[in-house]
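Me: I have a model open and want to learn how to read it. Can you walk me through some features?

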Amino acid sequence: MYPFNYHRPSSLADAVKLAGGDEAKIMAGGMTLLPTMKQRLAAPSDLVDLNALGLSGIAVAGGKVTIGAMTRHADVAGSAELKKAIPALAEMAGMIGDPMVRHRGTIGGSVANDDPAADYPSACLALGATIVTNTREIAADDFFVGLFETALQPGEIITKIIFPVPDKANYQKFRNPASRYAIVGVFVAKFAAGVRVAVTGAGSGGVFRQFDFEEALSKDFSVKAIEGIKQSADGLNSDIHADADYRAHLIGVMARRAVEAAK
Amino acid sequence: MASVTLTVNGKSVTRDVDPRTLLVEFLREQLRMTGTHVGCDTTQCGCCTVHVNGEAMKSCTLLAVAVNGATITTIEGLAKGEDLHPMQAAFREHHGLQCGFCTPGMIMSAVDMVRRKGTDLDDKTIREELEGNICRCTGYHNIVKAIHYGAEAMGKAGTAAE
């Protein structure tokens, strides 16, 4: 790890100021950032630790779930309120990494990092979440821009994420058994206004919506409705774990499983 | 340099360290407590698992400065004098180790597992919950067995809530 100046601001205003520096990096749980720094793939001059800001907690009200950016995966997975409101989201958080990683990693960190194989981006996109920062509110549809790339400006800090409560939802993940990241993960959410389907782990541009599945499922929310729809392998990742054709196949399988398990 | 104060196994310690210092380096190199191991150094193997404010975390992926003020329990903090913690005793009794390198992390994870899941643990739960701990001797069978009986013993000894 290269040397850095460590900051632990106690107010959001101070954090924003510090994070605005050219070579500054923001640290939430650090479950991705620290390994990256240890490999010397990241070398921030200043590390801005958000752990003294609070920004954690889960609130359910008025058909919406609000989760503070610094809420740990273990707390999302274990929240009794969330299990009632959006069980799929709590279950998804319980599938991230391992118990020790879930004790430290945060929802805000995962969403801001936008790893193309992370779980949370698919939940945000499928549920039509709103990402709230220190300056504005960003719809999930506009937030995830590409690989590790979001609409966040330098120094902009996520404070909370607001999820509308769906009629039913489910997340199915075909995971890499070593890294526990998704080779393919599909989050399906059914609302009165229609169905949203988001795919993570597969797209070469990161998380994306599967509009053909959405259209079919909005008319008929059943496994049968999407059985005949072929997912193209164009634009999907090929790597040592799975090639694009296999990932395309898995998207269909995971989507059908999610529809079947949705509650 | 940054000043870090931690309560480690009940004792308050303060050291001035480079902000780059990982919690595991703080424990091993500053405090010379070498029970916490570094296996992979990439957040995968779990050999470095310690409890931070009561929750199991991987100390190779935490900066010591970032947990300043925290209460840390390491493998050295489990036994009461000469008396092994029930989970340690179960690992010995059921041969839950071969080379022993992963054992401190396995035991710290197991104790955390009991805190979260109770003292009546079936094999499926134990195996799922051990996802973050790797044994390169692949001695999982007896590790799972040891955790099962260790959890039971913790229930009987009333140590589960600790």
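**Reading the model**

Reply: Start where a helix ends. H2(B) is followed by B:His95, whose phi is positive, near 55°. Keep in mind that this is a predicted model.

Me: Which residues of H2(B) are buried?

Reply: To judge burial, count neighbours: a residue is buried if 20 or more other C-beta atoms lie within 10 Å of its own. In helix H2 (residues 86-93) of chain B, these are B:Pro86, B:Met87, B:Gln88, B:Ala90 and B:Phe91.

Me: What do the buried residues of H2(B) pack against?

Reply: Their partners in chain B are helix H3 (103-117) and helix H5 (140-157).

Me: How many helices and strands are there in chain B?

Reply: Chain B has 5 helices and 5 strands. Read from the N terminus, the order is β-β-α-β-β-β-α-α-α-α. The radius of gyration is 15 Å, close to the 15 Å that the globule rule gives for 162 residues, so chain B is as compact as a globular protein of that length. Of those 162 residues, 46% count as buried.

Me: Now chain A. In what order do the strands of the sheet lie?

Reply: Trace the strands by their partners. The open sheet of chain A has 3 strands, ordered S1-S3-S2, with parallel pairing. Strands S1 (5-7) and S2 (24-27) of chain A each have a single partner strand, so one side of each lacks a neighbour in the sheet. From one strand to the next, the twist averages 20°.

Me: What joins S2(A) to S3(A)?

Reply: 4 bridges join S2(A) to strand S3 (residues 46-49) of chain A. A:Met27 stands opposite A:Asp49 in S3(A).

Me: Where does H1 of chain A lie?

Reply: Helix H1 (residues 12-19) lies across S1, S2 and S3 of chain A, running at about 160° to S3(A).

Key:
Residues are numbered from 1 along each chain as its sequence is written. Chains are lettered from A and ligands numbered from 1 in the order in which they are written. This is a predicted model: local features need pLDDT of at least 70, side-chain atom pairs count only at pLDDT 80 or more; totals for chains, interfaces and linings use all residues. Two strands pair if DSSP finds at least two bridges between them. Helices (H or I, at least four residues) and strands (E, at least two) are DSSP runs, numbered from the N terminus. Axes are lines fitted to C-alpha atoms, for helices over the stretch in contact, and angles run from 0 to 180 degrees between N-to-C directions. Two residues are in contact if their C-beta atoms, placed from the backbone, lie within 7 Å. A residue is buried if 20 or more other C-beta atoms lie within 10 Å of its own, exposed if 12 or fewer, and partly exposed in between; C-beta atoms are placed from the backbone. The radius of gyration is taken over C-alpha atoms; the globule rule is 2.2 Å times the number of residues to the power 0.38.
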